[in-house]
Amino acid sequence: LREQTEQRRLDQPIHHGRIWRIVPERWKPPGRIELAGATSRELVALLSDEDGWIRDTAQRLLVERADPAIVPFLERVVMREIDRLGRLHALWTLDGLDALTLPVLLKAIDDRDLRVQAAAIQLFARQASRNATFREPLADALAARWARATPEIALAMTLAAGSIDADAGLPILAGLLGIYREDALFRDAALSSLAGREWTLLERLWGEWEWRTESPGRAVFLEMLAAATVRRGEAAEVEALFERLDEPAFGWHQEALLAGLGTHRAGVLALSARPRVLNRLDDFPPETRDRLDALNQHFAWPGHTPAASEESVSSVIVDPALFALGRQHYLSVCAGCHGNTGAGMPSLAPPLVGSEWVTGADSALVRILLHGLEGPIDVAGRRYDTPDILPEMPAFAVLDDAAIAATLTYIRNAWGHDAGPVTRRMVGTTRVTTQGRVKPWTAEELKAFINPSP
């Protein structure tokens with residue numbers, strides 16, 4: 001590196017820092033521009049300048065001056081300006097001046113440029129959250145446009161739907177999720193816009209015809225809604241979740257709700273009565289029965305208070321926030337092959353539940369996520385190889401240390417496991433010590449690291 005640095009003269013200049021600017025050949029720096037002395041009308045014109053610094057500075061100065069006389073000129077830019085960046089900056093300047101009006105937003109929401117449309121929806125939602133008079137027009141605008149929106153605009157609408165009343169916003173969210181349910185970004189956006197209405201949306205989706213058909217995206221989102229409902233801690237809503245588990249057929253819907261209920265780790269939640277589904281555990285297969293029975297340790301009702309030693313499914317102390325974060329990463333990254341419940345999926349991946357690779361030494365598990373794994377592999381006494389599973393598990397080294405640690409902490413302590421957390425330090429150290437490896441591990445190579453629990 002030293003030789004390369006000296007050959008390319010990257011060691012010069014000395015004592016002047018190392019911040020370099022890349023410019024075209026034969027480029028000449030422009031003359032010094034003084035915007036502080038420009039009039040407000042001149043600054044409005046500069047909102048369409050080709051130089052981003054000039055546009056940003058002009059916008060900042062206009063907001064700082066707070067001159068109401070300039071508002072009509074900014075509105076004219078939004079309505080008529082040819083340059084899309086000019087329209088975009090004018091919109092945000094009007095927002096900074098708290099001068100956005102309904103006609104301007106309704107014009108901008110139909111702008112020919114997608115970025116201007118998305119910004120208009122975002123600003124419309126901000127106004128609706130501050131001023132109730134904007135909520136009904138926003139609801140009408142979204143309801144009239146969501147079905148034909150591009151993905152970029154649909155995402156903005158998903159985030160904006162939480163700013164309007166539930167009666168108007170939830171049908172829009174349900175419609176958008178019907179289209180984009182398999183997209184993790186849309187699911188996260190929908191959840192973030194609900195603001196305490198998770199159970200209300202779950203009930204709505206539960207009764208919709210198209211949500212009767214199983215898909216990975218639908219199962220993941222129902223689980224996310226169930227987990228958010230439990231975290232909200234409203235006993236009546238949680239009791240309603242348990243009632244959904246007690247329906248005659250225990251299918252993928254109930255599996256999703258059970259997984260969501262199982263993420264509860266933050267103390268004990270008091271219910272008014274013992275959930276009926278817990279009175280008929282013998283009706284379920286062993287794995288489901290065990291997961292239902294484990295809920296006794298996190299919920300209380302008259303006549304039942306979890307023992308102090310049962311405050312966690314795991315006897316090892318695991319940070320509840322880390323466990324919940326790991327669950328979210330698992331749903332986004334791992335569930336597509338290993339399933340929402342860790343039971344594995346035919347032709348894709350072996351089970352994680354009861355796997356010695358999961359509950360054994362974390363050094364082997366971290367290596368698998370960093371570099372991948374190619375079969376065959378033995379799990380719980382059974383050999384998995386193609387075509388029972390994919391020939392290779394991909395590497396996930398693009399995830400940062402915190403994400404990998406949270407994901408592994410989750411799978412090592414979910415589904416009845418009791419293997420303890422994985423630390424960021426462990427992941428970071430392993431990343432450094434295995435730096436340079438470019439191929440997946442094999443099970444034979446990893447036997448040097450795995451140490452199953454006795």
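Mentor: Gladly! Let's begin with arginine 26, which sits in the loop between α1 (2-7) and α2 (40-46). Please keep in mind that this is a predicted model. Although arginine 26 is not a glycine, its phi is positive, at about 60°. Its relative accessible area is 75%, so arginine 26 counts as exposed.

With a relative accessible area of 55%, alanine 380 is exposed.

The loops around there have something else to show you. Proline 376 lies in the loop between β3 (373-374) and β4 (377-379), and the peptide bond that reaches it from glycine 375 is cis, with omega near 0°. Proline 387 belongs to the loop between β5 (382-384) and β6 (392-393). The bond from threonine 386 to proline 387 is cis too, with omega near 5°.

From loops, let's turn to a pair of helices. Two packed helices are described by the angle between their axes and the distance between the axes. Take α9 (residues 151-160) and α10 (residues 166-180): their axes come within 10 Å and cross at roughly 140°. The two helices are therefore oblique to each other, and their crossing is left-handed. On the α9 side, the residues in contact are Pro151, Ala154, Met157 and Thr158, and they meet Leu173, Leu176 and Tyr180 of α10. Sorted by type, the residues of this contact are six nonpolar and one polar, with no charged ones.

Finally, step back to the whole protein. There are 23 helices and seven strands, and the C-alpha atoms fill a box of roughly 75 × 65 × 45 Å along the principal axes. Of the 454 residues, 46% count as buried. Among contacts with a separation of 6 or more, 65% are between residues 24 or more positions apart. The accessible surface comes to about 23500 Å², and carbon and sulfur atoms own 54% of that.

Definitions and conventions. Residues numbered from 1 in each chain as written. Predicted model: local features only at pLDDT ≥ 70, side-chain atom pairs only at ≥ 80, totals over all residues. Heavy atoms only, no water. Axes fitted to C-alpha atoms, helices over the stretch in contact; angles between N-to-C directions. Helix = DSSP H or I, 4+ residues; strand = E, 2+ residues; numbered from the N terminus. Parallel < 35°, antiparallel > 145°, perpendicular 65-115°, else oblique. Left-handed = near helix turned anticlockwise from the far one by under 90°. Contact = heavy atoms within 4.5 Å. Nonpolar A, V, L, I, M, F, W, Y, C, P; charged D, E, K, R; others polar. Buried < 20%, exposed > 50% of the residue type's maximum accessible area, 1.4 Å probe, protein only. Areas by Shrake-Rupley, 256 points an atom, 1.4 Å probe, with all protein chains shown as cover.
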